[in-house]
Amino acid sequence: MTVADEIIGIFARRGAEAYFGECVSVTGHGLQAAWFAREEGAPASLVVAALLHDIGHLVDDVPEDLAQWTQDRHHERIGAAWLARRFGPDVSDPVRLHVPAKRYLCATEAGYFSNLSPASVRTLQLQGGPMSGAEAAAFETEPRFREAVRVRRWDDRAKVAGLQVPDLASYRRLIETHTRSP
Ligand code: FE
């Protein structure tokens, strides 16, 4: 089984679940994020990162109901660890940093917080709230923090009810060409 088969299987099993209080499924959310990355002409590694940024939710047995989500399961770390076994750090690092990127943008960009969805505001509290100045400065020392911020912005937008975008199978080749060779 290839990595693409494995990923397509994971989304097929669980991807139809609702994406935490949003009006899209987990699969739809990842596909929209990847589509926005493609529209911006992002490098292929970032398109893969956008597509798979929430895979941590699908490889972890977390209740898919925000009301039950009373503690932070750190899906970004679960997902990044899973991805790091299959892809290079150009894919796994932006995924690992996409939640800190939200906390970073809340601290450094006027107006960012007010555009977050209600569900994203609620999870922000569980994730530690906006970064302090020292935390934001430390975040900027991460080699791929800019890429993480880009993934974050596609993530934030990828909640459009009814938006039709290319399906998961259309990413098979892209996934295969970015898989870490064994
Ligand atoms: Fe997301």
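Reader: Where does R73 lie?
Author: R73 lies in the loop between α4 and α5. The model is a predicted one.

Reader: Why is R73 called partly exposed?
Author: R73 has a relative accessible area of 34%. Buried means under 20% and exposed means over 50%. The value for R73 falls in between, so R73 is partly exposed.

Reader: What separates the C-alpha atoms of R73 and E22?
Author: A distance of 18 Å separates them, and R73 and E22 are 51 residues apart along the chain.

Reader: Why does T177 count as exposed?
Author: T177 has 52% relative accessibility. The cut-off for exposed is over 50%, so T177 counts as exposed. T177 is found in helix α11.

Reader: What lies 3.0 Å from a polar atom of the T177 side chain?
Author: The backbone oxygen of L174 does. As for A4, T177 is 173 residues from A4 in sequence, with 9.9 Å between their C-alpha atoms.

Reader: What makes D155 buried?
Author: Its relative accessibility is 1%. Buried means under 20%, so D155 counts as buried. The place of D155 is in helix α10, residues 145-157.

Reader: Which residues does D155 touch, leaving out those up to four places away in sequence?
Author: D155 touches Y19, H29, A33, H53, D54 and H98.

Reader: What makes the D155 and H29 side chains a polar contact?
Author: The contact between these side chains is 2.8 Å. The limit for a polar contact is 3.5 Å, and 2.8 Å is within that limit.

Reader: Why is D93 called buried?
Author: D93 has 14% relative accessibility. That is under 20%, so D93 counts as buried. D93 is found in helix α6, residues 89-96. A polar contact of 3.0 Å joins its side chain to that of R144.

Reader: Which residues of α1 are buried, and what covers them?
Author: V3, A4, I7, G9, I10, F11 and R14 are buried. Their cover includes α2, α3, α4, α5 and α11.

Reader: What makes α2 mostly covered?
Author: In α2, 11 of its 14 residues are buried. Among them are V26, H29, G30 and A33. The cover over the buried residues of α2 includes α1, α3, α4 and α10.

Reader: How does the reach of α2 compare with what is expected at 1.5 Å a residue?
Author: From first C-alpha to last, α2 reaches 20 Å, close to the 20 Å expected. Just after α2, G41 takes a positive phi of about 70°.

Reader: How many cavities of 30 Å³ or more are there?
Author: The count comes to two. The second largest cavity has a volume of about 40 Å³.

Reader: Which residues line the second largest cavity?
Author: F11, V26, H29, G30, L51, H53, D54, I55 and L58 line the second largest cavity. By class, this lining has five nonpolar, three polar and one charged residues.

Reader: Which helix supplies the largest share of that lining?
Author: The largest share, three residues, comes from α2. Both α2 (26-39) and α4 (55-59) supply at least two residues each.

Methods. Residues numbered from 1 in each chain as written. Predicted model: local features only at pLDDT ≥ 70, side-chain atom pairs only at ≥ 80, totals over all residues. Heavy atoms only, no water. 1 Å grid on protein atoms, 1.4 Å probe; cavity = no way out; pocket = protein on both sides within 12 Å on 5 of 7 lines; lining within 4 Å. Points joined across faces, edges and corners; volume = space filled by probe spheres on them. Helix = DSSP H or I, 4+ residues; strand = E, 2+ residues; numbered from the N terminus. Nonpolar A, V, L, I, M, F, W, Y, C, P; charged D, E, K, R; others polar. Buried < 20%, exposed > 50% of the residue type's maximum accessible area, 1.4 Å probe, protein only. Polar contact = N/O pair within 3.5 Å; in protein donor to acceptor, adjacent residues only side chain to side chain. Contact = heavy atoms within 4.5 Å. Expected span 1.5 Å × (residues − 1).
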